[in-house]
Amino acid sequence: MPSLRWLEDLGRTRLSRHFYLREFLHSEIATLHGIPNIPDDPARAIAHGRALCETLLDPLTETFGRIAIRSGYRCTALNSFGNRHRL
């Protein structure tokens with residue numbers, strides 16, 4: 001299990017001008033069921049998150065105003081749990 005400091009630093013990773021990784025990692029399912037939503041491959045999650053933010057979300061934000069991301073990433077374990085339980 002990663003340290004709390006490592007998780008805090010990961011969440012503070014800036015994906016783009018307007019977004020941080022922390023915004024994408026929140027999950028009510030994870031919180032309710034105690035399943036950590038920690039990226040299986042953090043470098044890949046960051047790279048893909050940056051691409052999404054820079055190519056789509058930042059331009060939308062700059063055109064229409066702030067976009068609040070409540071969740072946008074599911075680790076394999078959390079995604080499997082959600083699928084098994086139809087969540």
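Reader: What does the accessible surface of the protein come to, and how much of it belongs to carbon and sulfur atoms?
Author: This is a predicted model. In it, the accessible surface of the protein comes to about 5,900 Å², and carbon and sulfur atoms hold 56% of that.

Reader: What share of the residues is buried?
Author: Of the 87 residues in the protein, 33% are buried.

Reader: And the secondary structure, how many helices and strands?
Author: Five helices and zero strands. Along the sequence the pattern reads α-α-α-α-α.

Reader: What box do the C-alpha atoms fill?
Author: Roughly 40 × 30 × 20 Å, taken along the principal axes.

Reader: Contacts next. For those with a separation of 6 or more, what part comes from residues 24 or more positions apart?
Author: Such residues account for 74% of those contacts in the protein.

Reader: Which gives the most?
Author: α1, with five residues.

Reader: OK, charges. How far apart are the mean positions of the positive and negative ones?
Author: They are 4 Å apart, for 12 positive and 9 negative charges.

Reader: Where is arginine 86 placed?
Author: Arginine 86 is in the segment after α5 (76-84).

Reader: What is the phi of arginine 86?
Author: Near 55°, which is a positive value in a residue other than glycine. Most residues other than glycine have a negative phi.

Reader: Is arginine 86 buried or exposed?
Author: Arginine 86 has a relative accessible area of 80%, so it counts as exposed, the cut-off for that being over 50%.

Reader: Now glycine 34. Where does that sit?
Author: Glycine 34 is in the loop between α3 and α4 (42-64).

Reader: Buried or exposed, for glycine 34?
Author: Exposed, because the relative accessible area of glycine 34 is 60% and the cut-off is over 50%.

Reader: How far is glycine 34 from leucine 60, in sequence and in space?
Author: Glycine 34 and leucine 60 are 26 residues apart in sequence. In space the separation is 33 Å, C-alpha to C-alpha.

Terms used. Residues numbered from 1 in each chain as written. Predicted model: local features only at pLDDT ≥ 70, side-chain atom pairs only at ≥ 80, totals over all residues. Heavy atoms only, no water. Helix = DSSP H or I, 4+ residues; strand = E, 2+ residues; numbered from the N terminus. Buried < 20%, exposed > 50% of the residue type's maximum accessible area, 1.4 Å probe, protein only. Contact = heavy atoms within 4.5 Å. Areas by Shrake-Rupley, 256 points an atom, 1.4 Å probe, with all protein chains shown as cover. Lys, Arg positive; Asp, Glu negative; His and termini not counted. Charge placed at Lys NZ, Arg CZ, Asp CG, Glu CD.
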